[in-house]
Structures are given as structure tokens and as C-alpha cells.
There are 2 protein chains.
Amino acid sequence: MERLCFGIDIGGTSVKLGLFTDKGSLLDKWEIPTRTEDSGSHILEDVAVSVNQKIAADHLDRESIIGIGIGVPGPVTEDGTVIHCVNLGWGVFNVAQETKRLTGFETKVGNDANVAALGEMWQGGGRGYKNLIMVTLGTGVGGGVILDGEILTGSNGAAGEIGHITVNYEEEDSCNCGRKGCLEQFASATGIVKEAKRLLEKSSEPSKLREVQFLSAKAIFDCAKEGDVLAGELVEQLCKYLAIAMSHIAHVVDPQAFVIGGGVAKAGTILTDSIKKYYENNVLFALKNKDFKLAELGNDAGIYGSAKLIIGK
Amino acid sequence: MERLCFGIDIGGTSVKLGLFTDKGSLLDKWEIPTRTEDSGSHILEDVAVSVNQKIAADHLDRESIIGIGIGVPGPVTEDGTVIHCVNLGWGVFNVAQETKRLTGFETKVGNDANVAALGEMWQGGGRGYKNLIMVTLGTGVGGGVILDGEILTGSNGAAGEIGHITVNYEEEDSCNCGRKGCLEQFASATGIVKEAKRLLEKSSEPSKLREVQFLSAKAIFDCAKEGDVLAGELVEQLCKYLAIAMSHIAHVVDPQAFVIGGGVAKAGTILTDSIKKYYENNVLFALKNKDFKLAELGNDAGIYGSAKLIIGK
């Protein structure tokens, strides 16, 4: 009998669900809306209903299902307790126990950025590595630390919060976290747009960016690829700050590789090439020559990683 | 039969050896000189002779000895291979296999700073923690990362090289590693003395430091405790840079505690209190309230940690 499991990624607007074999094949995936009303108390009920519907529709043998893995947007401790998932309306409770109660299946829970890192290691851009750092450049900057094939959770579930490594001690604007100069302020999709507006205001140099109606990270990278000087400066700055944070990370855990994902990473090798250049200048000799990879699973990284959580090493 | 092991710390001038019970009691300790001639080829032979002499002198039953742990001054991979221990004259070879060949005992090998961290976790200032960072402030700045009760080695044996985290991007003098602005340039015993000379030259403010014949880290901390303004500034700067590096580390691994050791740490709570103050301003909310402890084992941390290496979790 083929062993199966569910990999589930709970986001603020939708819940992504995937049915996997324990060898890593994604058999099917679907989404349901995230009901955040009533302090998010229906979210896990909806997940349980959706899992049971899938089992019934596909005539799956419950005995073949080894369990459920779940990624959630917030800090999670080793035992599956969340500590305020603001986007879901959740307070403090044990998501693993509650899901097991609702479904009967063993459940493991991880932070969404960490789980995405595990997914990329298993079936994405990090295949073949057991020690890697994933950096997700989206609206914010998320991170995941994988050591010996497993997520590093940290003592309060806050390992891999690399978007909040301070990279610029001169910055005067505040980050969402309340501090100043976080990586997220420069390397997120919103961060680079903000930096672009700042630069365009300060500089009188001509730039295609001045003609773009809605500035976006994509527009900035596209202009940089076409040789626009100011856009090029913005990309260099983003890569420089990312490389600074990565160099700090390397001196702590000495990973094999960095995997870069999220919307901004769609820019491609312009990003990894430039990061590598700055990184090499910022680390000890023994930490040079790391691999810099682009993520491959896109929005599915979370369901892959959640499945891997329950499958184990 | 009581189970025993040897914990051995190989330094550039002497080899420290300890005989331990597997419960953590140090039964005896002694030293032999480190013979670095002939590319350090006699060092492990001398260790084997010393171990065998101890077994004979104390009429120990060889069956009661579970093995040997060794700390070496340089990068070591998981399997016990060293990659150039410059201070010992060693190239690349497997220290664990060679020691087993010479003694007949199972051997495990770790980097000296990492092993000291493990020792402090086991029987020193880090007792009770399973996830901690040790920072050793000596001639240089060493580090050790302990996760789930074990040393994090890293993919090239360079995890925990926190003395080379860049903390000052304006610095123009070079670190021993060839780069500029490393933590070691500000927080080591040699670093703070160099900073003191710089400050005394630049400032015309009166200071007791001007009367000290041989400036040392101890003299600077002593003057700071007596209220000397310039000495106080130097201590604050050292603590600020240490806190910056610790905040970077926290965002990666989220440890329970930091343990501070080495000669400079003899300054005591003036150091931990000030570091804590700067640290709290430099981290995400979820990473606040870590414990800052002083190391307790002094020069014995290495032999304790080496013993723990072979005893295991």
C-alpha cells in the first residue's frame, strides 16, 4: 500500500492543501478560503472537512495516510504550539493536538517560512543539500534554516527570522517590527519600491523608472536588466544588503547553500550573481564558495515542506 | 564498573589532559608540552604515551574507558578531519582515526572553541541549557554554537566563527583574517587595547589609562569600574559590538542563552549587564529576554567539553 500524507499551508486569505506520496509526488492540490472570523476558530475545522472530503472523493484508505503537516504564518514551538498568528486571528494554542482531535491523523506544525525551506530542500532548488538557508523575498523577507535535513525551530520558534537582521545602522525609517535598518526594509518587494521612490526623488539622473506608472520590484529588475543606471543601483543595493545578512548567517551555521525564493527572486540569476559577488567579500576564507540557488517550487513550497514535516527525514 | 574517559585540549604551547567519569567528575588533570616540530607529527604520539602512563599509574581497567575526546585549534569536520591547524603545524588528516590507531580507544574530535562551549553547557556557566552560544574573548574572539545539546560543526567546520562577523563597515585597519571590521578587532583582549591606544591619541580628555604602563584589557575594565570616562567608553563600545554580533546570531538560531568566557570575561557582570542593554535594542520582540551568563570553567572548559564529546548526549 502506497503511503500518503497531506501537506497544508495556511495563509491569511487561502489555505493550500496537497496530497502527496511519501516519496515526494504531488498527487493533487487545491485551495479553500481562510475564514479568519471568530478569531480564526473555523480554520482547522474547514481543513478537517476538506481532508475528509478528499479521502471520500478519492476512495482513499485511511490506513494509508501517515498524517498531516501544516505550515502557519507565525512562530511555532517544537510541539506545535502557535504564539499569536496575527493574520489568522489566532492566540496561543496547540495546532498539532487540535488538528489530530479534528481529523484523527498525526499532525506536525511548522512556521510557513521554515516549512517552505524544507520543501525546497526536499523537492526544489535545494535538492541534494542537507544544510541550507532559504531566504524568501516577498512582501516581507522570511527565512528558514535547515540543518541536517531538519528545520531549526529555535528556543522560542524564532530561528530564521533573518528579515530582521539589522543591515543598516544609519536608517531612520522604521521597519514593521518597530526597529530600524532591518534587511526586510531593503530586500523585500515593498522595500525596494520604497528605496526606488527615495532614490528617484534624491537624484536628477534620467531613468526609465520615472516613466513607470506603478513601480514594482519586477519593473525595477526589468529596467536594471535593460541597463538603466538608477535601477541597477537599486538592485546592487538590495544584493549588497542581502549578502551582508547572508555573511552573518554563514559565520553562525556554515551552510552548504543559500536558496532564494519569493516574488522578487523571479528576477533570476541577476540576483544570485550579484549576491555571490558581495558575499565573497564579506566572509572568512573557510566560508567562501557556497552555492546560491533559486527556489523552484513557487507557491507550492509550503505544501511540499508541510508534507515533508510529517514524513520526516 | 565506573565508566571513564579522557578529555584532551591541544593548544599551541601545551596539551591539557583530564580524566573524567561519564557523570562529569574531573578525577585528575595534567599538562604536557606541545611538540610542534616535524609538522606536529609527535603531538598525538605524546598524547598516547601520556594516556597510557596515566592508565598504568592509576591501575585503570582499560575496559572501563569509553574513549577519548580531543579539542584542536582549527576547523574540524564531523568525522574528525582537521584542515590545517596552523598553530600545531598540522595539514589535513583524520585526528580521530590516528588517535584510535595510537591508543586503541574510540576518539572524537572537535574545534577547541566549540568544545569549550560544550564543556560550559555540561558543567559550567551554561548548565541547564541545551541551546546556547558561547563567545570566548581572549587574544582573538572564538565562538561555539550548541543546538539540542550538541556542537554545530557546519558544512566546512566553520560554524560558530563569530569573531569574524563584520560589525563595523567603516573600519580601515585589517583583521588577522585579512578583512576589515570583524568583531575580533573590537572585542578581543588585543582589540580593546588597540582601541584604547587609538582613543587616547585622539582625545585630550584626562584618563587614568594614560598612567598605565602596560595597557591591558584588565586595566581598561578596572579603570572603567573606578569611573574613568574614556575607559568606560571603551567598555561600552566593546559591549555594543558584541551585542550587535549576538543579535545577528539570535535571528539565525534563537538560542536560550549566551555564555561569555575567555580572559576578558573576568571583568564580570559589568560586561554582561552592558551587553544585555545593547542586545535588547537590536532584536525582534520574540528574541528578547535571553540569559547572559559568565563562563565558569576557565581554562578547563576544553577538557570538560572534549570529555563530553566522547560521552555523547
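Predicted model: local features only at pLDDT ≥ 70, side-chain atom pairs only at ≥ 80, totals over all residues.
**Group meeting talk: a walk through a two-chain model**

Let's start with one pair of side chains: Lys218(A) and Asp222(A) join in a salt bridge, with N and O 2.7 Å apart. How exposed is each partner? Lys218(A) counts as exposed, because its relative accessibility is 58%. Asp222(A), with a relative accessible area of 28%, is partly exposed.

Side chains of opposite charge can pair when their charged atoms come close. How many salt bridges does a search of the whole structure find? Over all chains, the answer is 38.

Let me show you another one, in chain A. Asp46(A) and Arg35(A) meet through their side chains at 2.9 Å, N to O. Asp46(A) belongs to helix H2 (residues 43-57), while Arg35(A) is in the loop between strand S3 (26-33) and helix H1 (37-40), so this pair ties together parts that are 11 residues apart in sequence. Asp46(A) is buried, because its relative accessible area is 18% and the cut-off for buried is under 20%. Arg35(A), on the other hand, is partly exposed at 31%.

Next, please find Arg198(A). Its salt bridge partner is Asp173(A), and the closest N and O atoms are 3.0 Å apart. Arg198(A) lies in helix H6 of chain A and Asp173(A) in the loop between S10 and helix H5 (184-187), so here the parts tied together are 25 residues apart in sequence. Both ends are partly exposed: Arg198(A) has a relative accessible area of 35%, and Asp173(A) comes in at 30%. These two also belong to a network of salt bridges, which links them with Glu171(A), Lys194(A) and Glu195(A).

Now for the place where the two chains meet. Here 36 residues of chain A are in contact with 36 residues of chain B. The area buried between the chains is about 2,700 Å², and carbon and sulfur atoms give 61% of that.

On to the nonpolar interior. In soluble globular proteins, nonpolar side chains tend to be buried together. The largest nonpolar core in this model has 110 residues, and Ile220(A) and Ile220(B) are those with the most contacts inside it. Not counting residues up to four places away in sequence, Ile220(B) touches several residues of its chain, among them Ile192(B), Leu209(B), Leu215(B) and Val235(B).

Ser207(A) is in the loop between helix H6 (189-202) and helix H7 (217-225). With a relative accessible area of 7%, Ser207(A) is buried. Its contacts beyond four places in sequence are Leu200(A), Asp228(A) and Leu230(A). A polar atom of the Ser207(A) side chain also lies 3.0 Å from the backbone nitrogen of Leu209(A).

Thr13(A) is in the loop between strand S1 (4-10) and strand S2 (14-21). Thr13(A) is exposed, because its relative accessibility is 68%. Leaving out sequence neighbours within four places, Thr13(A) is in contact with Pro33(A) and Thr34(A). From Thr13(A) to Asn87(A) is 74 residues in sequence, yet their C-alpha atoms are 8.7 Å apart.

One last stop is the backbone. Asp148(A) is not a glycine, but its phi is positive, at about 50°. You will find Asp148(A) in the loop between S9 and strand S10 (150-151) of chain A. In chain B, Asp38(B) also has a positive phi, near 55°, and this residue lies in helix H1 (residues 37-40).

How values were computed
Residues numbered from 1 in each chain as written. Chains lettered and ligands numbered in written order. Heavy atoms only, no water. Core = buried A, V, L, I, M, F, W, Y, C linked by side-chain atoms within 4.5 Å. Buried < 20%, exposed > 50% of the residue type's maximum accessible area, 1.4 Å probe, protein only. Contact = heavy atoms within 4.5 Å. Buried area = accessible area lost by both parts, 1.4 Å probe. Helix = DSSP H or I, 4+ residues; strand = E, 2+ residues; numbered from the N terminus. Polar contact = N/O pair within 3.5 Å; in protein donor to acceptor, adjacent residues only side chain to side chain. Salt bridge = Lys/Arg side-chain N within 4 Å of Asp/Glu carboxyl O.
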